[in-house]
Amino acid sequence: RHGLDRAALYQRLFRKHDSGGGPEDRTVRREFWAAMAAVLPQRQIQAIYHFVHRRYHPYNYQGPWSAAEDGRLAQLVAEHGQAWETISRIIGRTGTNCRDHWRYMQGISHTQKMRQQAGGVRPQGGESTGGSIA
């Protein structure tokens with residue numbers, strides 16, 4: 001409708017503010033999100049933005065993380081801290097994916113440490129470690 005193919009639309013939607021485009025590009029982005037909010041008045045503009053980002057970002061849906069990617073993520077976090085957008089551009093996944101996977105990795109690491117301290121005892125056969133429900 002506006003003469004944009006999918007690649008051009010993605011470029012407009014997902015280019016970071018610091019990567020060029022000038023004031024006219026910022027105006028186009030602002031108008032785009034305002035138009036989206038007008039079509040979906042029951043939704044907040046931030047919710048629309050996050051949905052579109054999760055659903056359509058080209059770095060999303062990259063499949064399971066490999067061991068090599070886990071190692072690279074750990075290395076990048078050591079270098080850049082929790083600068084998820086910087087890390088995302090290097091690793092080729094969204095910043096949210098990187099952040100969530102890092103938190104997951106930390107949870108696994110914490111769980112493994114707790115098991116080692118407890119003598120490596122693990123429930124077997126699907127037994128729950130939680131209390132019983134009365």
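Predicted model: local features only at pLDDT ≥ 70, side-chain atom pairs only at ≥ 80, totals over all residues.
Residues are numbered from 1 along each chain as its sequence is written, and side-chain values use heavy atoms, with hydrogens and water left out.

Colour by secondary structure next. There are 6 helices and 0 strands (DSSP runs, H or I of at least four residues for helices and E of at least two for strands, numbered from the N terminus).

Now select W65, L73, L76, V77, W84, I87, I91, C98, W102 and M105, the 10 residues of the largest nonpolar core (buried Ala, Val, Leu, Ile, Met, Phe, Trp, Tyr and Cys residues joined through side-chain atoms within 4.5 Å). Two or more of these residues come from each of α4 (67–80), α5 (84–91) and α6 (95–117). A second, separate core has 5 residues, including L13, F14, W33 and I48.

Centre on C98. Beyond its neighbours within four places in sequence, C98 is in contact with W65, L73, W84, I87, S88, I91 and R93 (heavy atoms within 4.5 Å).

Finally, show α4 with α5. From α4, E69, R72, L73, L76, V77 and H80 meet W84, T86, I87, I90 and I91 of α5. The two helices, α4 and α5, pack at about 140° with axes 10 Å apart (lines fitted to C-alpha atoms over the stretch in contact, angles running from 0 to 180 degrees between N-to-C directions).

Note on methods:
Buried < 20%, exposed > 50% of the residue type's maximum accessible area, 1.4 Å probe, protein only.
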